[in-house]
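Here are my notes on this model, colleague to colleague. Please have the structure open while you read.

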Amino acid sequence: MSAIHSSIAVVIPCYNEGDTIAQVVRDFATALPGATILVGDNNCTDNTAQAAREAGATVIAEPRQGKGNMLRTLLASVDADCYLMVDGDATYPANAARQMCDLVLEQHADMVIGDRLSSTYFTVNQRPFHNTGNRLMRGLVNWMCGSQVRDILTGYRALSRRFVRNFPIMSQGFEIETEMTVHALEHNFQLATVTVDYQDRPSGSVSKLNTFSDGFKAIRTALSLFCEHRPLRFFSIIAAVLLVLALLLVMPVFIEYFHTGLVPRFPTLITCCIIALLAIMLWVAGLILEVIARNNRKRYEVSLMHYDDIQKQ
């Protein structure tokens, strides 16, 4: 299928959002007149696709399950100057769409984050574990990247063509937001934030997000990206923990040696040496991987410059 051309494209990945998708499509069509609205049908078993078409959206099917897979297909299906990514559950307000898109089109932001956590999310959301998970992910990613992003997991974002065409989507599911945020921070894309009101799902609409399994996947993705992008810090933390463990285990052996001149617990001493050696090896591995990661960032920057040069021609 050839790509659709549009100045603004609203992409809405969906899985069984038949109760809300028509309202979402109409709201964003009103907020962004002339925008192309694409709804992703990710093996929906309800009337999502039919309701979206009747509301005026173009429906794109994706048989591979998962939000990351659906977004990959949607973003590849349209060529736009600005991509507005939003969920189909009617939890994000369309009245912020124009401001978010203008920051991309006029202020040249690469990613505009619709920040729920600074407004109504913690008071409206009825799932306390989600509140904890959002705080945990925000703290983890900001500590990892040295940033101050206020909402890591929001599904409401405006993206530039430059970001979309240079972002390799690797995640298959709900980890996509974490991956997208870390990629933008790691490669110094221009970020902006718009505070948006969050409203809980309407009565009868059911979340497809599993608090524990999807939360674990998001944390696992963040740690994997931490290892990939900050390997020296990642392996240095593990090495430091192992060295402390080795010191704690070897202290009684040294104390006994100073008192008696004997080392009766050789297995403990050997274990401590092995742990300390492992710590040193991990630190060296982190050092080597850090050099590789820096070279990869340099190559990415060069490829980004080439992309910018091509766009100017």
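The points below go from the sheet to its helices, then to one strand and a surface patch.

1. Before the details: this is a predicted model, in which local features need pLDDT of at least 70, side-chain atom pairs count only at pLDDT 80 or more, and totals for chains, interfaces and linings use all residues. Residues are numbered from 1 along each chain as its sequence is written, and side-chain values use heavy atoms, with hydrogens and water left out.

2. Seven strands make up an open sheet with mixed pairing, in the order β3-β2-β1-β4-β6-β5-β7. The edges are β3 (58-61) and β7 (191-195); each has a single partner strand, so one side of each lacks a neighbour in the sheet. On average, neighbouring strands are turned by 25° against each other, direction ignored. Strands here are DSSP runs (E, at least two residues), as are helices (H or I, at least four), numbered from the N terminus; two strands pair if DSSP finds at least two bridges between them.

3. Helix α2 (residues 48-55) lies across β1 (4-14), β2 (36-41) and β3, and runs at about 150° to β3. Helix α8 (residues 176-186) also packs on the sheet, where it touches β4 (78-85), β5, β6 and β7. The direction of α8 makes about 45° with that of β6. Contact means heavy atoms within 4.5 Å; axes are lines fitted to C-alpha atoms, for helices over the stretch in contact, with angles from 0 to 180 degrees between N-to-C directions.

4. Do take a look at β5 (residues 111-115), which runs antiparallel to β6 (residues 157-160) and is joined to it by three bridges. Five bridges link β5 to β7, and these two run parallel. I113 stands opposite R157 in β6 and opposite T193 in β7, while V112 has A158 as its bridge partner in β6.

5. Is β5 covered on one face or both? Both are covered: M111, I113 and D115 on one side are buried, as are V112 and G114 on the other. Buried means under 20% relative accessible area, exposed over 50% and partly exposed in between (1.4 Å probe, protein chains only).

6. Finally, I280 in helix α11 (residues 266-312) counts as partly exposed because its relative accessibility is 48%. I280, W283, V284, L287, I288, L289 and I292 form a nonpolar surface patch, with about 600 Å² of accessible area together. Areas come from the Shrake-Rupley method with a 1.4 Å probe.

Notes: Patch = residues over 30% accessible without salt bridge, like charges linked within 9 Å, V, L, I, M, F, W, Y side chains within 5 Å. Salt bridge = Lys/Arg side-chain N within 4 Å of Asp/Glu carboxyl O.
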